[in-house]
Amino acid sequence: MEAFRGTTTSRASLIPPLLLLLLLFVALSALAPGRAAATGVFGVRRKFPRHVGRGPGGDEHLAALREHDGRRHGRRLLGSVDLPLGGNGLPTETGLYFTEIGIGTPATTYYVQVDTGSDILWVNCISCDTCPRKSGLGIELTLYDPSGSGSGTAVTCGQEFCVATNNGVIPTCPSTASPCQYSITYGDGSSTTGFFVTDVLHYNQVSGDGKAAVANTSITFGCGAKIGGGLGSSDQALDGIFGFGQSNSSVLSQLASAGKVSKIFSHCLDTVNGGGIFAIGNVVQPKVKTTPLVPGMPHYNVNLKSIDVGGATLQLPANIFDIRESKGTIIDSGTTLAYLPEVVYKAILSEVFAQYVDISLKNFQDFICFKYSGSVDDGFPVVTFHFEGDLLLNVHPHDYLFQNGNDLYCMGFQSGGLQTKDGKDMVLLGDVAFSNKLVLYDLENQVIGWTDYNCSSSIKIKDDKTGSVYTVDAHNISSGWRFQWHKSLFLLLVMTVCSYLMF
């Protein structure tokens with residue numbers, strides 16, 4: 001020990017005096033008041049000095065505090081989300097659009113239709129006997145298992161979410177501990193029933209130009225135990241439906257309540273290449289003109305004023321677009337076609353074909369179809385819907401007339417009586433009317449708007465967390481499946497040929 005101590009002393013004596021003074025200064029500084037001590041306690045200073053009473057500088061101080069709080073709130077709220085799209089809204093294609101989400105811990109991938117005409121997110125449950133196991137869309141279906149997800153829990157009848165979805169009344173259940181059930185019937189007669197669960201939702205949060213980082217939060221959604229109607233068909237089967245309605249039960253409302261996003265979203269549905277853009281956040285480019293949403297309505301209702309065909313205003317009953325008595329106009333991305341009251345449908349049909357008295361119109365599976373060679377945009381008129389606030393919706397011939405074979409075209413406008421009895425007096429505008437347009441749903445200000453746009457390009461969204469403006473690109477997640485399918489087919493052919501040559 002003595003030898004060790006002596007060695008240490010002799011080494012210290014070799015340190016230059018100036019360096020010793022510097023080390024002493026650092027040591028004393030570490031012990032000075034207002035500094036962090038060695039225990040890990042950090043000295044905290046008030047960002048804005050306290051002003052007592054209404055003395056000089058008081059007003060400036062309060063203004064600085066408010067500005068500071070505003071910046072803090074901005075840092076912890078309102079990100080942007082990029083939902084990749086697949087599918088194609090053309091009736092001769094998939095007739096729908098879908099996105100990819102992750103649920104559970106770790107995340108499992110599910111493909112769900114995006115639908116602005118309904119409220120909740122639901123996915124088919126593992127207990128569902130009638131749910132399809134295969135899809136003609138070329139995607140792999142997955143049944144959700146609450147007990148195997150790693151983080152899923154059932155919602156009971158006594159919980160706040162269940163009470164809220166039943167208009168504030170505890171639903172009729174064997175007990176408050178019983179599963180909270182749901183039942184939805186869509187306009188086309190398809191249906192889903194099941195129970196609510198809470199689990200972790202994984203989604204893409206915009207983090208830069210064309211970039212996204214995986215984010216997650218806990219949300220409540222439906223676990224489908226039984227489906228009916230067209231939802232059971234394997235041709236266009238998906239794992240479920242992602243409702244983007246206005247109710248508090250929607251995922252959009254849940255994310256907004258959790259401080260993750262603002263209640264603003266937009267979509268651009270591409271019928272040219274398929275897929276498109278679907279994003280949550282404040283769109284700053286392109287600029288979109290808007291019209292007010294009708295207050296107190298369960299869907300995205302707007303005030304339609306008149307309709308032009310080729311610049312000529314249709315002469316229609318004065319109250320035909322009245323929002324009362326189950327009338328009005330609804331915007332719905334979950335609907336493929338456009339449905340109109342019978343009198344409106346006949347008036348549009350008459351004007352569209354006014355100059356083609358020799359064309360033979362035939363009914364093919366409830367579609368009005370006809371033979372025509374040449375460009376429909378050159379031969380048929382634009383149908384223009386006029387909304388409150390002088391907002392126009394131009395539906396071009398290539399939108400409302402879809403090709404169904406060589407020189408065979410069919411009408412995308414339909415009589416409302418063909419959809420449901422209750423909707424025969426409504427105007428319901430689906431993807432036929434809003435394809436290749438950027439549609440903005442601003443629920444913060446209760447407006448909706450649109451503009452013609454190239455849905456294969458990109459939009460710009462402002463990130464309210466940082467104030468930065470980011471580019472969100474178009475996606476087509478279904479094209480990857482087509483590529484993989486063609487690639488697999490090609491490999492199969494190559495292997496077959498090689499086997500043939502070898503033997």
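How many bridges join strand β22 and β23 in the antiparallel sense? Five: that is the count of bridges over which β22 (residues 383–387) pairs with β23. Bear in mind while you look around that this is a predicted model.

**The four-strand sheet**

Those two strands belong to an open sheet of four, in the order β17-β16-β22-β23, with antiparallel pairing. At the edges sit β17 (312–313) and β23 (391–395); each has a single partner strand, so one side of each is left without a neighbour in the sheet.

**The β7–β8 hairpin**

Now over to another pair of strands. β7 and β8 make a hairpin with five residues between them, and they pair in the antiparallel sense over five bridges. In the turn, G189 has a positive phi of about 95°. Strand β8 covers residues 191–208, and its F195 stands opposite Q181.

**Around I103**

I103 lies in strand β3 (residues 96–103). Its relative accessibility is 2%, and because buried means under 20%, I103 counts as buried. Leaving out residues up to four places away in sequence, I103 touches T108, Y110, V123, Y144, D199, V200, L201, H202 and F221. S149 is 46 residues from I103 along the chain, yet their C-alpha atoms are separated by 7.6 Å.

**Aromatic pairs**

Two of the I103 contacts, Y144 and F221, also form an aromatic pair with each other. The count of aromatic pairs comes to 24. A pair of aromatic rings is described by the distance of the centres and the angle of the planes. Here are two of them:

| Pair | Centre to centre | Angle between planes | Geometry |
|---|---|---|---|
| Y144 and F221 | 5.3 Å | 65° | edge-to-face |
| F353 and F380 | 5.8 Å | 75° | edge-to-face |

The Y144 and F221 pair links distant parts of the chain, 77 residues apart. Y144 is in the loop between β5 (121–124) and β6 (153–154), and F221 is in strand β9 (residues 211–228). Both Y144 and F221 are buried.

The F353 and F380 pair links distant parts of the chain too, this time 27 residues apart. F353 is in the loop between α6 and β20 (362–364), whereas F380 is in the loop between α7 (376–379) and β22. F353 is buried, and so is F380.

There is an aromatic cluster to look at as well, formed by F242, F244, F265, F278, Y300 and Y441.

**A buried aspartate**

What is the nearest side chain of opposite charge to D239? That would be R133, 9.8 Å away. A salt bridge needs a separation within 4 Å, and D239, though buried, has none. D239 is in the loop between β9 and β10 (240–243). Its contacts, not counting residues up to four places away in sequence, are T109, Y110, Y111, V112, W122, V123, N124, E140, L141 and T142. Among these, Y110 and V123 are also touched by I103.

Key. Residues numbered from 1 in each chain as written. Predicted model: local features only at pLDDT ≥ 70, side-chain atom pairs only at ≥ 80, totals over all residues. Heavy atoms only, no water. Pairing = 2+ DSSP bridges. Buried < 20%, exposed > 50% of the residue type's maximum accessible area, 1.4 Å probe, protein only. Contact = heavy atoms within 4.5 Å. Phe/Tyr/Trp six-rings, centres within 6.5 Å; stacked < 30°, edge-to-face > 60°. Lys, Arg positive; Asp, Glu negative; His and termini not counted.
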